[in-house]
Amino acid sequence: GIVVRDAVLCWATIIAAWTIASWDGRAWVCLLAAVFVGSRYYALYIMGHDGLHRRLFPTRAANDRFNDLVILGPIGAITRLNNRNHLAHHQYLGHAEDPDRFKHACFNKSERLELAAFLVGITSVWRAAHNVLVGNRATGDGYTVRDLAILGGWQVALIGGLTAAFGWWGYPLMWLLPVFVFTYLADLCRSFLEHSHPEADATADHHRLITFESNAFERWFLAPMHMNLHVAHHLWVG
């Protein structure tokens, strides 16, 4: 259906970008390809976000299998382990228990330098990684052989394929950096815009939901897959 079609189109764009950059080799072509890689993986990541809500397929097993194998595996995430963090964000939005509160509250962005450090990931990346990969798990949760096979298989494929195509710099510059800039930082900015207000947290906590009528640029880089309609997403989680 639509989920499979969109995932195939995103991966086809990413692979085409890698292929053209490897064949051409000029710096500006590789830079442009990296933009496509990161931004189209961000579209996949937004689909993976819906997978965390288990909305991609009718059954939980099919949803988790597709989400892990096709979408989240390349960045080291597993649906079963990572969805609690995001569901806690929905449950506790506007409260101290929200694990994503550091993304949109004012307490850590009150000065310009603090805001700049947040937007480039300096003060946020380790907190975000901890929340997704470690936090909000039930006692005894851990990676299974199946999970490790998916995660390891993806890293072997990415490192091996990109090194063969570009050399030693292929994996860090044609995968890690684009995903960090155009997926992680873009998502950080989106989350900030969707939930923050220029007022004290105690006041903003009463109306944290914002929807944007986004233009084409925003829909490509900040809110793919209609993620700009964020109020509806929170009100009808599914």
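Helix 2 (residues 27-52) contributes the most to a nonpolar patch, with 3 residues. The patch lies on the surface and is formed by Trp28, Leu32, Phe36 and Trp220, which together have about 410 Å² of accessible area. Such patches are made of residues with over 30% relative accessible area and no salt bridge, where nonpolar side chains (Val, Leu, Ile, Met, Phe, Trp, Tyr) are joined within 5 Å and like charges within 9 Å. The areas come from the Shrake-Rupley method with a 1.4 Å probe, and for residues only the protein chains shown count as cover. An α-helix has 3.6 residues a turn, so residues three or four places apart point the same way.

The model is a predicted one, in which local features need pLDDT of at least 70 and side-chain atom pairs count only at pLDDT 80 or more, while totals for chains, interfaces and linings use all residues. Residues are numbered from 1 along each chain as its sequence is written, and side-chain values use heavy atoms, with hydrogens and water left out.

Trp28, a member of the patch, is placed in helix 2 and is exposed, with a relative accessible area of 53%. Leu31 also has its place in helix 2 and is exposed, at a relative accessible area of 58%. In this account, buried means under 20% relative accessible area, exposed means over 50%, and partly exposed lies in between (1.4 Å probe, protein chains only).

The chain as a whole has 12 helices and 0 strands, and from the N terminus on its elements run α-α-α-α-α-α-α-α-α-α-α-α. Helices (H or I, at least four residues) and strands (E, at least two) are DSSP runs, numbered from the N terminus. The C-alpha trace spans about 55 × 40 × 30 Å along its principal axes. With 238 residues, a compact globule would have a radius of gyration near 18 Å, and the protein chain agrees with this at 18 Å. That radius is taken over C-alpha atoms, and the globule rule is 2.2 Å times the number of residues to the power 0.38. Of the 238 residues, 45% count as buried.

Helix 9 (residues 170-195) has 26 residues and reaches 36 Å from its first C-alpha to its last, close to the 38 Å expected at 1.5 Å a residue. The expected span is 1.5 Å times one less than the number of residues. Helix 9 also has a kink of about 30 degrees, centred on Phe180; the bend at a residue is the angle between axes fitted to the seven residues ending there and the seven starting there. Phe180 is partly exposed, with a relative accessible area of 28%. Phe180 and Gly38 are 142 residues apart in sequence, yet their C-alpha atoms are 7.7 Å apart in space.

Charged side chains form a further set of contacts. Side chains of opposite charge can pair when their charged atoms come close. A search of the whole structure finds 13 salt bridges, each being a side-chain nitrogen of Lys or Arg within 4 Å of a carboxyl oxygen of Asp or Glu. One of them joins Arg54 and Asp64, whose closest N and O atoms are 2.8 Å apart. Arg54 lies in the loop between helix 2 and helix 3 (60-72) and Asp64 in helix 3, so the pair ties together parts that are 10 residues apart in sequence. Arg54 is partly exposed at 21% relative accessibility, whereas Asp64 is buried at 9%.

Another salt bridge links Asp205 with Arg208, the closest N and O atoms being 2.9 Å apart; Arg208 is buried, at 2% relative accessibility. Arg146 pairs with Asp147, also with 2.9 Å between the closest N and O atoms. Arg146 is partly exposed at 36% relative accessibility, and Asp147 is buried at 0%. Salt bridges that share partners join Asp68, Arg80, Arg146 and Asp147 into one network.

Towards the end of the chain, the loop between helix 11 (216-221) and helix 12 (230-235) holds Met225, and His226 lies in the loop between these helices as well. Met225 has a positive phi of about 55 degrees although it is not a glycine, and His226, likewise not a glycine, has a positive phi of about 65 degrees. Met225 is partly exposed at 34% relative accessibility, while His226 is exposed at 60%.
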